[in-house]
Amino acid sequence: MPYRLSLSHFSFITEEVIDRARFYSSVLFCLLSCLFLSCTPSTPPADLTFVNGSEPQSLDPGLITGQLEGRLCRALFEGLTRYNQKADIVPGAAESWKVSTDSTVYTFKIREDAFWSDGLPVTAEDFVLSWKRVLTPETAAEYAYILYFIKNAEAYHRGELHDFTQVGIKATSEKTLEVTLKAPTPFFLYLTAFPTYFPVPLRAIEAHADAWGLPGKIITNGPYLLESWKIRDRVTLVKNQDYWDAERVQLNRIDSLITDKATTAFNLYATGLSDLIVDKNMVPQHIITALKDRPDFHSYTYMGTYYYRFNVTREPLNDPRVRQALSAAIDRQRIIDKITKAGEQPATSFTPPNVAGYQPPDGIAYHPEQAQALLAQAGYPNGTRFPRLSLLYNKSELHEKIAIEVQAMWKQVLGIQVDLANQEWATYLDSMKNLKYDIARSSWIGDYPDPNTFLDCFITGGGNNRTGWSRDEYDQAIEKANQTNDPKERLAIFYDAETLLVKEDPPIAPLFFYSGILFYDQNKIGGIEPNVLAEHPLDQMFIKED
């Protein structure tokens, strides 16, 4: 019997041909670019070139929310503490600190040799004013809530307290900063290494307003200076020779390449125009399987979750049964097997397992019959009369493929049509911030090794909530957990709160837990170590001698 080709065969062949055409055309482009660069007078070559992802939203550490911006801000600025290559906490702008016997008062000693790039010393007052700026409601800092562990910080940010001297942030001398917490916070030193806690130069902000973070205007205190920012091309950093620990910093010049296309990103690496890929979204998913045995392929596990947000302020997503149905209709293992292919684990909880000994609850797993029943209970049997919704994602080949797959699942299981929409990174972030979406692609990487770094995202009014979801019992549980000294009791409170978040009244649908991917030649580049926070500080990296 002769073999017959169906339309599905042609679809598969067409997709494969298109992927290959894109791949090889991108290779050709990169080769031509390399030839052009070799023939064109330019600035000195970078010691390290890496692909960072989309266009940065900002380089203001008090306002950024994305991981790609964080990589650059950690190089340009320095908090009281910082990460080493293992993501352990080490001294930063503070050379030392003392903790009170009740673990609520931290006294930091600022280095005498810590200076801003304009030559002025870094002082304790710089931290006071920078943290006050983040907590001032008019600043609209989305990450302001990460300072809520400080006494009266939340009340000041919410406008309930107007006297900042009552907030637990005080400069007791030019080089001494005293921080009083509202309760013992075992991960507080991790927080002080987070960009929202970085000092910023108020004089530059007052002089240049929103433009203060641009080349020629920005003032920094970290291991690197901002030399240039070429839109849709690269951000170039140069070593800060006046940094207190400059002798340790080995890379003199770093180019951070800008692209939101995984095919382009990987081909920049494959053709030698990039030395390093630190983000798995920058690797075409359809070739990951073929790359796993290469010596420059490095994978590891870390605290990261890929998920979808629901805008609960819009009908019919204001009905928990609809959100539960949408989540139960997603075959997470199918996404991993067909698309991501990098050892990810399906997720039904928001918090990954084994974060500081915490075991999260099971959320909503793939269950087509249950999904159909829930949608029928909500008044939309077999998708009848269900309004047309849209699924938003930032431009990325990976996000698009996942969105197409989930779109097909919702059509197949629930009988509903969901349109796809993509936006550039900055626009996409703005859409989520202002709830200008129905369903949106999201991800969260833990900021410190504790389940709270995941669960406090969804407190009412939190800058990273971005769903419109609000439950008093959830807020109270998170607050109670962070005032509970008994570790076992604290984790039990988190467990009950997360059950509400991912099962009973979910504003999100977790899809999978990340598996980290790095591409680099370990015989050439040192100072990179896989870690649970997926932090790879640029100032720790170095080029190995031949």
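## Close-up views of a predicted model

**View 1. The largest cavity comes in at a volume of about 800 Å³.** This is a predicted model, where local features need pLDDT of at least 70, side-chain atom pairs count only at pLDDT 80 or more, and totals for chains, interfaces and linings use all residues. Residues are numbered from 1 along each chain as its sequence is written, and side-chain values use heavy atoms, with hydrogens and water left out. A cavity here is a set of points on a 1 Å grid over the protein atoms alone where a 1.4 Å probe fits but cannot get out. Points are joined across faces, edges and corners, and the volume is the space filled by probe spheres set on them. The structure holds 5 cavities of 30 Å³ or more.

**View 2. What surrounds the largest cavity?** Its lining (residues with an atom within 4 Å of a point) is made of 48 residues, and Gly66, Gln67, Leu68, Ser443 and Ile445 lie nearest the centre. By class there are 19 nonpolar, 18 polar and 11 charged residues. Nonpolar covers Ala, Val, Leu, Ile, Met, Phe, Trp, Tyr, Cys and Pro, charged covers Asp, Glu, Lys and Arg, and the others, Gly among them, are polar. Among the elements that each give at least two lining residues are β1 (48-53), α2 (67-76) and β16 (439-445). These labels are DSSP runs numbered from the N terminus: helices are H or I with at least four residues, strands are E with at least two.

**View 3. Here is an open sheet of 4 strands, in the order β4-β5-β7-β6 with antiparallel pairing.** β4 (94-99) and β6 (169-173) sit at the edges with a single partner strand each, so one side of each has no neighbour in the sheet. From one strand to the next, the twist averages 25°. Helix α3 (residues 124-135) packs on the sheet, touching β5 (105-110), β6 and β7, and its direction makes about 165° with that of β6. Contact means heavy atoms within 4.5 Å; axes are lines fitted to C-alpha atoms, for helices over the stretch in contact, and angles run from 0 to 180 degrees between N-to-C directions.

**View 4. Zoom in on the strand pairs of that sheet.** Two strands pair if DSSP finds at least two bridges between them. β6 and β7 (residues 176-180) are antiparallel over 4 bridges, with Ser173 opposite Thr176. β4 and β5 pair over 5 bridges, and Val99 stands opposite Tyr106. Their hairpin has 5 residues between the strands, and Ser103 takes a positive phi near 60° there.

**View 5. Phe187 and Tyr448 make a stacked aromatic pair.** Rings of Phe, Tyr and Trp (its six-membered ring) pair if their centres lie within 6.5 Å; planes under 30 degrees apart are stacked, over 60 edge-to-face, the rest tilted. This pair has 4.2 Å centre to centre and 10° between the planes. Its partners are 261 residues apart, linking distant parts of the chain.

Definitions and conventions. 1 Å grid on protein atoms, 1.4 Å probe; cavity = no way out; pocket = protein on both sides within 12 Å on 5 of 7 lines; lining within 4 Å.
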